[in-house]
Amino acid sequence: MPGEGYRILLGCRRRSEALRACSLTFDQIADVFALDHAVSPLRLYRYAHGRTAGDVVAAYNDLDPAGTATLRAPRFYDYEAWPQAGRRPGAGTVAVFARIYQTTARSLLTDEVYASYGVRDRDLLDRADHRHLDANHSRQVSAPAVPGTKGTKALPPLVPAPARCADLLRAVGAEEADVKRRELLFELALLLGGTPALGLLRHLTPPERERLATAARHQGPIDAATLDVLERLTARLWAMDESTGPLRVLPVAEAKRAMVDDLLKRGSLTPALRERLLRVYWSLSHMTGWCHYDLMDYTNAARRYGEGLVAGHELGDPALLAHLHGLMADMAIYQAKPTVAMDHAFAAEGWAKNSGNGLQQAATFSIVARVLSNTRRDGEGLRMLDRAVRLADGSRNGAELRHLFWLEPDRIARHAVFCFIKAGQFDRAITEVEQRLARMRPGFVLGKSMLQLECATALIKKQEIPAATVMIDKAAQFVVGHSSARLVHSVRETRARLQPWEGNKHVRDLDERLRSLSIPV
């Protein structure tokens, strides 16, 4: 390294150590260094960590599980020099640097460089967040609440405060170069909850954005093409929730739900289009209820589910009613309210039978099986679950309900673990987990981690403590990048079952790893 460059690095290293001692994060230190050093964010973060280029290159190559990474110092310097010189790093490369520097990928890029990536690359960059690795970073999961609910903090207004508008303007500038399209994107992002909506809107074509804005302004009739856009955006919200959790999804879903509610009240619609729009409203009530539940905001979850039930009654669709009653039953189990769970389970079962839809019956009967296993030990829950699996396996006829896109026999069968544990059949529960995990597709973050925690519970019951701590540790890793408060709570709850063995070395090591993930024990 040239003498001047090394002198700068040593000075930054000393300052960084002093600032870290004052509990500053690496993000904050990089901001401080930006006042004195006109260099790229990639270099600022290297200065903040006090690392040489050789250190970072070695760390990058070590992170490749296949051992095939071949980054060299000259290429790394090219990345740091971009865009004034050098070469732009790929999105996957930036995501790895974010892990090394314990920050977000977005923090490592200027707006100009971020704007140069394609739509899918920006999705990847938005998801890469490794701030949890920074010991000075405080991870907080809070639940935005529904406006007007007594005793809760309201959601941010649809028109954000000036500071947030400035952030949104800067983000929109990175998304869209054309001035007119930028204005439209800004308007739609304001309508749909602010900056988090950009990840959704970037997947729409300019004509689709125009169509959505026209409908929201009530400047034209709502047609089938507009409803197609609304339905696709809702599907993308579900995918976003699966990968990142409810915290980013909920403000967008709430804002979109308010927009659809407004369209239902003001729009002039044919009966067929109104029914489709009302189904979008039901789906968004379903989604916002689920997000509030995942954030352990039970009051507002029940409120949104209840409003979805009203829409389901207006549509006269037993399947939609069965589904929401089933979700309310599952939520009541989690809250340790067995009587409430039983009431909703019986209602769900009745509506599911009236629907005549095998898939909806499978989804509903899997919840009923959990409720029965939670309150009875006669095996009826397992028999009900077997019936649900058979229905799920034989009901794929191309006419599935839109809200059951996720349903497959394996995702129904995983409820058997809960039922086996409640029945005291711990060996069967562990075997079932092993089979389900082996067949589970990547991406089902929350479902996989909850399954691992149930397995840990069975192992604790068998007093197999080392194996239980390994399973809890695996589940806890999914806390990173996923904002489910219910997942964090479940990790802590499962760890609490290890209290009699808290002096065990495996338990102490687990506690240390949980603290590194900002999970209090």
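Biologist: What volume does the largest cavity have?
Modeller: This is a predicted model. The structure holds one cavity of 30 Å³ or more. The largest cavity has a volume of about 50 Å³.

Biologist: How far apart are the end C-alpha atoms of helix α13?
Modeller: Helix α13 covers residues 224-244, 21 residues in total. At 1.5 Å a residue, α13 should span 30 Å. The model agrees, because the end C-alpha atoms are 30 Å apart.

Biologist: Which helices do the buried residues of α13 pack against?
Modeller: The buried residues of α13 include Leu227, Leu230, Leu237 and Trp238. Glu231 and Asp241 are buried in α13 too. The packing partners are α8 (119-127), α11 (198-201), α12 (206-216), α14 (246-266) and α15 (271-294).

Biologist: Which residue just after α16 takes a positive phi?
Modeller: Helix α16 runs over residues 298-315. Its 18 residues should span 26 Å at 1.5 Å a residue, and the end C-alpha atoms are 25 Å apart, which agrees. Just after α16, a positive phi of about 65° belongs to Gly316.

Biologist: What covers the buried residues of α16?
Modeller: Buried residues of α16 include Tyr298, Arg304, Tyr305 and Leu315. Their cover includes α14, α15 and α17 (318-334).

Terms used: Residues numbered from 1 in each chain as written. Predicted model: local features only at pLDDT ≥ 70, side-chain atom pairs only at ≥ 80, totals over all residues. Heavy atoms only, no water. Helix = DSSP H or I, 4+ residues; strand = E, 2+ residues; numbered from the N terminus. Expected span 1.5 Å × (residues − 1). Buried < 20%, exposed > 50% of the residue type's maximum accessible area, 1.4 Å probe, protein only. Contact = heavy atoms within 4.5 Å. 1 Å grid on protein atoms, 1.4 Å probe; cavity = no way out; pocket = protein on both sides within 12 Å on 5 of 7 lines; lining within 4 Å. Points joined across faces, edges and corners; volume = space filled by probe spheres on them.
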